[in-house]
Amino acid sequence: MKRIGIDVGGTNTDAALLDGDKVIAAVKTFTTADVTSGVRTALKEVIAQAGDAARDVVAVMIGTTHFTNAVVERRNLGRAAAIRVSLPASASLVPFCDWPKDLAAKVNGGVYLVEGGHEYDGRPLFPMDEQAIARAARQIAKDGVKAVAISATFSPLTASCEERAAEIVRNEAPGVHVTMSSTLGRIGLLERENVALMNASLIGLAQETTQAFVDAVADSGLGAQLFITQNDGTVVRADAAREYPVFSFASGPTNSMRGAALLAGVENAMVCDVGGTTADIGCLINGFPREANNVVEVGGVRTLFRMPDLLSIAVGGGTKIGRDPVTVGPESVGYRLGQEALVFGGSQITATDIAVAAGLMTLGDPSKVAGLPADFVKAALARIHGSIAESVDRMKTDATEVPLLAVGGGAMLIPQAVPGISEVIQVEHSGVANAVGAAMAQISGETDRIYRDMDRDDAIEEARKAAIASAIAAGADEKTIKVIDIEDLPLSYLPGRAIRTRVRVVGEAAALTQEVPA
């Protein structure tokens, strides 16, 4: 089965064509300001490089940091209203209360607190005020707000309040897009609500971007199906990605880690992915990135949902290097590397220039960096190595020596010896590991629930069935589904032998087994 993976980073847009696990063609192009042009260019170039081998490609998988960048850079965001079903509880901390002021001012489309919600054990907290929700929906439509996020207390355990509130909003304000927090986040109300509000603010951008990707694939003449990669190293159909752009926030480093595992043939290791702007360090467990169980901040907003456990540092090929004194970042020239770096005729010293001057790689015009003092190059490289080694050590959970997989366009900046690391493996095709990881992605399903009055084995079995059903609903082939992660935690402070169980499964996309249009 042939697939094309495309990863859109802050600096480069990479593409790789895989036949099974074999890389047939791979290209690296610069990311463009409008994203879509870069995707079209990468797609065109990888098809041209593959030649006849590209004729029977069945799928194109695209990963993008476009939505994360929109939040971080405060651009292309829509206004979103918040309806929280929780009164008389949770009134002291209102929606948007912990957001950066500039971001809240741009996104906040109104806040509505309504009576209702449930307790942790499924009992109603208070009867839901449906009339208040209807009034809120009419006001939201009157204000011209196009999206709303609905959250309710303990909705991941009992979603009936959110589902009924969504039904009322759709009836009263048909043009308003609804995001329910129970479909995105975990139990914590504020973090889950924040994720839902972010998702709602990105709906317009997600619909435009996804349609642009659909058009780019259609115009390529491949007749392939389009999937979008997600935070956990899996994919969803393009229509699902339109609804949940937040699930693509960390797809870039996740794609790199999955690609590194395939290219190195190693499923348990540390991974350092040095891109154009940042270096992302994570841990591979059974071929998948370790997930974060704690709060993850995105653009200064606390979130708690399906995200990889990553440490990002400001070290990349485009990182600006200062002289007298020697400094490394945090600023980066980003996608302007081709214009601003010394080796490309620019005037800004970057980490790429240091790598070329140190003889670690050949790129651009090496004569442009021949005049850099040797002690300056050595000092800058030592700072880069020190920063990476310290970050790798912070992400390890014990003192056991494990391999480190070096990937990304800036992999040459990773030192050959790192404390606590058994060996540093320079992966073949490391510059496009992210695109390889995108191409090999599967579809996932997950459940995270509290079960009561059940034995541990029965609770895990129920959770496994729910996760498999979720994966099938997302488009996975039932015959290929396998369990990759099980967690269970007895909750002794709750009545009824309560146990919290989380199960995650993955499977091949069922749609890929269908006949591809000629």
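Trainee: Where is N286 found?
Mentor: N286 is found in the loop between strand 12 and strand 13 (288-289), where helices (H or I, at least four residues) and strands (E, at least two) are DSSP runs, numbered from the N terminus. This is a predicted model, in which local features need pLDDT of at least 70 and side-chain atom pairs count only at pLDDT 80 or more, while totals for chains, interfaces and linings use all residues. Residues are numbered from 1 along each chain as its sequence is written, and side-chain values use heavy atoms, with hydrogens and water left out.

Trainee: And what is phi of N286 near?
Mentor: Phi of N286 is near 55 degrees, which is a positive value in a residue other than glycine. N286 counts as partly exposed, because its relative accessibility is 44%; buried means under 20% relative accessible area, exposed over 50%, and partly exposed in between, with a 1.4 Å probe and protein chains only.

Trainee: What about I281, buried or exposed?
Mentor: I281, which lies in strand 12 (residues 279-285), is buried, because its relative accessible area is 0%. I281 and A196 are 85 residues apart in sequence, and their C-alpha atoms are 27 Å apart in space.

Trainee: Which peptide bond is cis, with omega near 15 degrees?
Mentor: That is the bond from L87 to P88, and P88 has its place in the loop between strand 5 (80-87) and helix 3 (101-107). The peptide bond from D324 to P325 is cis too, with omega near 5 degrees, and P325 lies in the loop between strand 17 (319-322) and strand 18 (327-332).

Trainee: What does strand 7 pair with?
Mentor: Strand 7 (residues 147-152) and strand 8 pair in the parallel sense over 4 bridges, and two strands pair if DSSP finds at least two bridges between them. Between these strands, I150 stands opposite M180, and A147 has H177 as its bridge partner. Strand 5 also runs parallel to strand 7, joined to it by 6 bridges, with A82 standing opposite A149.

Trainee: What do strand 7, helix 5 and strand 8 make?
Mentor: Together with helix 5 (residues 160-172), strands 7 and 8 make a right-handed β-α-β unit; a crossover is right-handed if, with the strands pointing away from the viewer, the path from the first strand over the helix to the second runs clockwise.

Trainee: New topic, then: how many residues line the second largest pocket?
Mentor: The second largest pocket is lined by 26 residues, of which S182, T183, R306, E446 and S470 lie nearest its centre. The elements that give two or more residues to this lining are strand 21 (443-451) and helix 13 (456-474), and strand 21 gives the most, with 6 residues. A pocket here is an open set of points on a 1 Å grid over the protein atoms alone, where a 1.4 Å probe fits, with protein on both sides within 12 Å along at least five of seven lines, and lining residues have an atom within 4 Å of a point.

Trainee: Last one: which residues does the annotation "domain: Hydantoinase A/oxoprolinase" cover?
Mentor: According to UniProt, in an unreviewed entry, that annotation covers residues 192-360, and such annotations may be inferred rather than shown by experiment. In the model, that span is 35% helix and 25% strand, and its end C-alpha atoms lie 45 Å apart.
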